[in-house]
Amino acid sequence: MLPVKKFTDFIEQNNLFTPGSALLAAVSGGMDSALMVHLLKSSGYNFGIAHCNFQLRGHEANADQEFCRQLAHQNNVRFHTINFDTLNYAADKKISIQMAARELRYQWFEQLKQQYNYSAIALAHHQNDAIETILLNLVRGTGIAGLHGILPKNGSLVRPLLFLSREEIEEIIKENGIIYVEDSSNASVKYARNKLRHEVVPKLRELNPALESTFEKNLEHFREMETLLELRLAELKKELFIVPDSYRDGDEIHLQTEAVKKLKPRRLLLFKLLQEYGFNETTVDDLVAALDKHPGKIFEAAYFTLILDRDKLILTKKNNKKQEEISITAADDTINYGNYKLTLLHDDTPLIIKDNPMAASVDAARLIYPLSMRAWRQSDNFYPLGMKTRKKLSDFFISLKIPLHKKNEVPLLINGNGEIIWIGGYRVDERYKVTHNTKKVTIFELYLI
């Protein structure tokens with residue numbers, strides 16, 4: 001007799017899908033997926049069958065494909081099948097055959113789901129698969145998320161057989177005379193999962209005959225721990241993540257260094273907070289080690305940069321588009337540079353602008369065209385307005401406490417002789433100021449765009 005009630009109870013308890021849902025059942029033809037088809041049919045669910053032929057086992061793979069076709073026909077459900085060139089895909093992507101098969105099938109399942117309006121994709125994983133997954137994760141290295149095993153529901157993927165062990169499935173198959181096909185590669189121990197299944201798990205079962213039951217309880221504990229951690233992280237994000245008023249789009253986030261130092265356990269919590277931005281454990285280890293020592297240090301991820309500033313951590317999106325130096329002629333009245341628009345106005349009145357840091361009036365007679373606008377360079381220096389001595393631009397930035405990642409965004413107006421005329425938004429060079437001898441001025445003004 002099929003365990004239909006346990007099956008439907010498990011589906012309902014884990015909110016996998018509703019009775020009226022249309023499901024796509026991923027079926028290899030093996031024992032587990034064959035049982036899932038019979039349970040879905042006996043429970044009255046609406047489903048179709050999807051079978052992948054990875055063309056790795058010759059006639060055997062073709063026979064499995066035909067078996068699944070007949071299984072769909074016998075149960076009067078829609079049948080989908082596809083032949084993949086798995087070996088070439090793996091070679092092109094430079095990945096393992098197993099990873100290639102995984103990518104191919106899940107991409108195809110998702111396409112079918114959207115094309116035929118299936119609400120979920122049913123997979124025939126069971127309790128022993130969950131055990132093997134945890135052991136694999138432990139061997140390869142994992143965090144708490146890797147210890148929760150295979151979840152009953154993960155997005156549109158549902159696993160309605162997770163209430164059963166492999167032994168229980170074998171017994172049900174035998175009692176009900178369910179026909180299935182055997183994949184000969186399952187007996188090979190050259191694959192890591194098969195090696196665990198055939199050599200490691202039996203040894204663990206010798207130590208604990210109730211291995212599946214024990215692991216199921218452990219999984220529940222791990223999932224609860226993961227939930228607890230996620231709740232704590234949500235609280236910390238509200239407490240620690242400060243979005244400056246000028247960055248409400250989330251492109252920049254500040255974390256006060258002293259608050260970060262008080263985290264316990266600091267390394268784990270900081271890693272989980274930064275993980276979604278692409279920072280790995282090694283980088284977080286380096287960050288923790290630098291918290292008391294190295295202000296100004298920069299940490300890189302693929303799309304984000306983390307800067308250890310004087311009293312805070314600055315998390316910012318990378319701007320991988322480098323702003324090119326642009327040329328400015330005397331005939332120009334408007335030019336665009338990065339996020340700025342620069343306007344030029346020529347005037348016979350020696351006007352001095354004092355209250356607008358985004359505008360500068362300079363002695364027009366001292367300008368040598370073409371001018372240029374560019375980002376700062378390490379060798380840059382200038383004479384700050386009001387000073388008679390030269391100052392390194394890097395020291396000027398430090399004195400104004402301009403964060404490292406903002407220095408490259410500051411537009412510099414450069415004269416034709418290479419001298420700095422104006423540090424846009426900050427300071428005019430003393431050599432270009434308007435004096436009582438000035439006859440004409442050129443007014444430069446920056447606007448954010």
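In what order do the 4 strands of the open sheet stand? The order is S7-S10-S9-S8, with antiparallel pairing; strands here are DSSP runs (E, at least two residues, numbered from the N terminus), and two of them pair if DSSP finds at least two bridges between them. Strands S7 (252-256) and S8 (298-300) stand at the edges with a single partner strand each, so one side of each has no neighbour in the sheet. On average, neighbouring strands of this sheet are turned by 20° against each other, direction ignored, going by lines fitted to C-alpha atoms.

Strand S9 (residues 304-308) pairs with strand S10 (residues 312-317) in the antiparallel sense over 5 bridges. Thr305 stands opposite Thr316 in S10.

The model is predicted, so local features need pLDDT of at least 70 and side-chain atom pairs count only at 80 or more, while totals for chains, interfaces and linings use all residues. Residues are numbered from 1 along each chain as its sequence is written, and side-chain values use heavy atoms, leaving out hydrogens and water.

Now for the helices, which are DSSP runs too (H or I, at least four residues). Asp32 lies in helix H2 (residues 31-42) and is partly exposed, with a relative accessible area of 22%; partly exposed sits between buried (under 20%) and exposed (over 50%), with a 1.4 Å probe and protein chains only. Leaving aside neighbours within four places in sequence, Asp32 is in contact (heavy atoms within 4.5 Å) with Ala124, His126, Leu161 and Ile169. Ile97 lies in helix H5 (residues 97-116) and is also partly exposed, at 38%.

Technical notes: Axes fitted to C-alpha atoms, helices over the stretch in contact; angles between N-to-C directions.
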